[in-house]
Amino acid sequence: MDYEKKLHGILEKSGGIITTSMLKEEGIPSIYLTRMTKKGYLERVDRGIYRTSEGDYDEYFFLATRYPRIVFSYLSALYLHGYTDEIPSHFEITVYSGYNTSNIKKNVKVHYIKKEFFDLGKTKARTMFSNWVPTYNIERTICDLISKREKIDVEIFAKAIQNYANSREKDLHCLFEYAEKMKLTDKVRDIMEVQL
C-alpha cells in the first residue's frame, strides 16, 4: 500500500494539517510523519500535529487537538460563533475542576467549572480555516458571560448581548433552561428583558 500517497490525500482534504490520530484512523504507520518531516515536506507544529509549508496555521485546531478535553468558551466562543469581530488576544477555554492545565500555553485563559456543567451546551464550531473545534453554543456562552459580567469588557459584553437579542437563530427557551441549571435565571431575565 502506498502510505505516502494516502497521506497526501489526507493533507489535501485537511488544508495541509495532519495529526497522528488522523493517521491512526486511516491505518497509516506514524513513521511516515517522521519520514516526510525529514524530507522537508512536513513541519512539526506540536506533539502529534504536523503541517505542510502551505498548510493552515490554525491555532484553535492545534490547541483542541493537543488538549482534547478543553472547550472554547467566553470570548473565544463569541469569536467562533461570529458574535464579535474582535480577534481575541488570547484563547479562553473551559475545563472541569481538577483537570490538570499546568502544561497549557501561556496565552490561554482557563476557566474551571463543576463537572456536572462541563457538557452543558457543548457543541462544535468551524474555525476560519474550516476545522471543527469544541466550543459552547451561543446560549451557554451568553450564560457564561452574564455569570462573569464584572470581568468582561463592557463594550464586548453589550455587543454580544445585543447581537444575540437581534439574532434569528437565538433560542430563548434553551437560554433560560441553561440559566436555570446554572442558577442565573434572574440575572439572565433582567438583561434579556432590556434587549427584547
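Start by selecting Phe72: this residue stands opposite Ile93 in strand 5. Strands here are DSSP runs of E, at least two residues, and helices are runs of H or I, at least four, both numbered from the N terminus.

The model is predicted, so local features need pLDDT of at least 70 and side-chain atom pairs count only at pLDDT 80 or more, while totals for chains, interfaces and linings use all residues. Residues are numbered from 1 along each chain as its sequence is written, and side-chain values use heavy atoms, with hydrogens and water left out.

Now show strand 4, residues 71-72. Strand 4 pairs with strand 5 in the antiparallel sense, over two bridges. Pairing requires at least two DSSP bridges between the strands.

Select residues 91-96 next. This is strand 5, and six of its six residues are buried, so the rest of the structure largely encloses it. Buried means under 20% relative accessible area, exposed over 50%, partly exposed in between (1.4 Å probe, protein chains only). Phe91, Ile93 and Val95 point one way; Glu92, Thr94 and Tyr96 point the other.

Move to strand 6, residues 108-113. It runs parallel to strand 5, joined by six bridges. Pick Tyr96: its bridge partner in strand 6 is Ile113.

Go to Tyr74, in helix 5 (residues 74-80). Its phi is near 50°, a positive value in a residue other than glycine. Tyr74 is buried, at 5% relative accessibility.

Then select Lys183, in the loop between helix 9 (172-181) and helix 10 (185-195). Phi is near 60°, also positive. Lys183 is exposed, at 74% relative accessible area.

Finish by colouring on pLDDT, the predictor's confidence in each residue, from 0 to 100. The protein chain averages 92. Confidence is lowest in helix 1 (residues 3-13), at a mean of 88, and highest in strand 4, at 98.
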